[in-house]
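Me: I am new to this structure and would like to go through it step by step. Could we begin with the packing of side chains?

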Amino acid sequence: MISIQRFTERLARLSAITAPGRGITRLAFTDEDWAGRAYMISLMREAGLAVREDAFGNVIGRREGTRPDLAPVLCGSHGDSVPEGGNFDGICGTLAAIELAQSMQEDGWRNERPYEAVLFMCEESSRFGAATLGSRAMCGELSPRDLLTYHDKEGRALYDVLKRRGLDPDHIERAKYPVRPAAFFEMHIEQGRVLEHERKKAGVVTGIAAPTRLRFRIHGHPDHSGAAPMTLRHDGLAAAAELILAVERIARSHADPPVVGTASTLRLRPNAINVVPGEVTLGVDIRSISAEAKADTVRRVLDEAEAIGARRQVPFDVDWMSDERPVPIRRDVVDFLMDCCAAEGLPAMTLPSGAGHDAMHWAERCPTGMLFLPCRNGVSHNPDEYAEVEDIAGAARVLERAVRQALRADFHFREEGQR
């Protein structure tokens with residue numbers, strides 16, 4: 001049985017494992033992250049799981065099945081945080097994966113397929129500038145060269161950080177998960193306001209958005225703010241302002257499927273109150289679960305930048321920082337999780353995920369489901385991040401129902417056979 005008391009106690013314990021300062025700071029592979037990892041390893045063992053780690057440091061706790069020859073069902077999330085973040089992002093899903101194993105142990109329930117609870121390392125991009133690295137390693141998407149490419153703000157290569165933790169970056173290929181799982185499930189706070197606004201206790205994810213990130217370099221001309229007539233200015237910041245509003249307008253025009261566009265990381269030179277801005281650098285992040293809608297938005301933003309530059313006689317250059325592919329979630333998996341919500345009496349709805357998650361790497365390899373629970377005011381990556389423990393436990397009960405069904409030897413999703 002899912003225990004609210006255990007969730008409460010374990011969340012409180014993890015809230016104390018943080019670097020000094022506001023909120024929760026457990027950056028990947030720091031002492032705080034490693035201490036949180038050690039605590040969750042102890043919970044896995046308490047739940048009767050056989051624990052192992054891979055070359056990247058991901059932790060896998062296995063509950064053997066009566067049919068160990070069958071592909072396992074995986075469930076998990078991450079334990080690291082952003083600087084001054086909250087105590088629910090990632091942790092809810094990791095604790096739920098462990099709680100499922102403990103519930104099976106206490107009930108004396110026997111799983112036919114093996115069950116594996118996974119703690120993914122380095123999901124957040126805060127330290128090394130790249131996200132979901134643990135999942136990428138398990139899916140065979142990291143090379144030793146990648147590990148030398150990623151650096152933290154102190155200049156330390158991820159390769160060296162792994163070495164110092166006693167891991168095996170020279171053989172990172174050994175982190176690749178050896179079989180195609182029967183299914184993968186992840187539970188996570190929504191990190192948005194939709195569930196709370198719609199008064200739903202669970203959200204079943206239909207797709208995981210991916211970003212296209214652009215850096216615009218706008219080459220205006222600095223002038224004296226008093227002496228330069230308005231008709232003769234080539235104001236880089238005014239050009240950037242037009243582009244910022246264009247990003248908002250174009251993204252809003254895509255309602256179905258939705259697109260979100262964010263203009264940020266604005267830097268200008270010279271940055272003085274009595275100088276017309278010259279050189280301006282502007283970051284733009286465009287996301288959608290639809291590759292086509294995202295591509296159309298990017299094209300229109302680039303066209304708008306060209307038009308603004310021509311009209312204002314201010315040249316624009318653009319650097320493509322990333323162009324990732326959105327990940328759809330299979331319809332049969334979505335339907336399955338919605339059925340599980342209904343069976344548990346939990347008011348639920350379907351919705352896309354605007355943020356990236358570990359689940360996005362597994363969705364291309366096996367049937368993958370993702371379950372959201374509401375967080376207060378949609379706040380995440382912030383000390384004010386909060387989720388009701390009753391909502392966490394409610395979502396975990398849905399997850400338990402789904403996982404226990406998927407652990408049957410004869411279980412198949414609709415696209416692979418009849419349940």
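Me: Which residues is Ile-392 in contact with, leaving aside its neighbours within four places in sequence?
Reply: In this predicted model, Ile-392 is in contact with Phe-7, Leu-11, Phe-88, Cys-92, Met-187, Leu-373 and Ala-387.

Me: What is the largest nonpolar core, and which residues touch the most other members?
Reply: The largest nonpolar core has 82 residues. Those touching the most other members are Phe-7, Tyr-115, Phe-185, Met-187, Trp-362, Ile-392 and Val-403.

Me: Which helix gives the largest share of this core?
Reply: Helix H12, residues 389–406, does, with ten residues. Another core, of 22 residues, lies apart from it and includes Ile-218 and Val-284.

Me: Turning to the sheet of four strands, what is the strand order?
Reply: The order is E9-E11-E7-E12, in an open sheet with antiparallel pairing. Strands E9 and E12 each have a single partner strand, so one side of each is left without a neighbour in the sheet. From one strand to the next, the twist averages 15 degrees.

Me: How many bridges join E7 to E11?
Reply: Ten bridges join these antiparallel strands, and Arg-215 has Gly-283 in E11 as its bridge partner.

Me: Which helices lie across E7, E9, E11 and E12?
Reply: Helix H8 lies across these strands, at about 170 degrees to E9. Helix H9 also lies across them, at about 5 degrees to E7.

Me: Lastly, is helix H3 largely enclosed or open?
Reply: Of the 17 residues of H3, 14 are buried, so the helix is largely enclosed by the rest of the structure. Just after H3, Gly-108 takes a positive phi of about 70 degrees.

How values were computed:
Residues numbered from 1 in each chain as written. Predicted model: local features only at pLDDT ≥ 70, side-chain atom pairs only at ≥ 80, totals over all residues. Heavy atoms only, no water. Core = buried A, V, L, I, M, F, W, Y, C linked by side-chain atoms within 4.5 Å. Buried < 20%, exposed > 50% of the residue type's maximum accessible area, 1.4 Å probe, protein only. Helix = DSSP H or I, 4+ residues; strand = E, 2+ residues; numbered from the N terminus. Contact = heavy atoms within 4.5 Å. Pairing = 2+ DSSP bridges. Axes fitted to C-alpha atoms, helices over the stretch in contact; angles between N-to-C directions.
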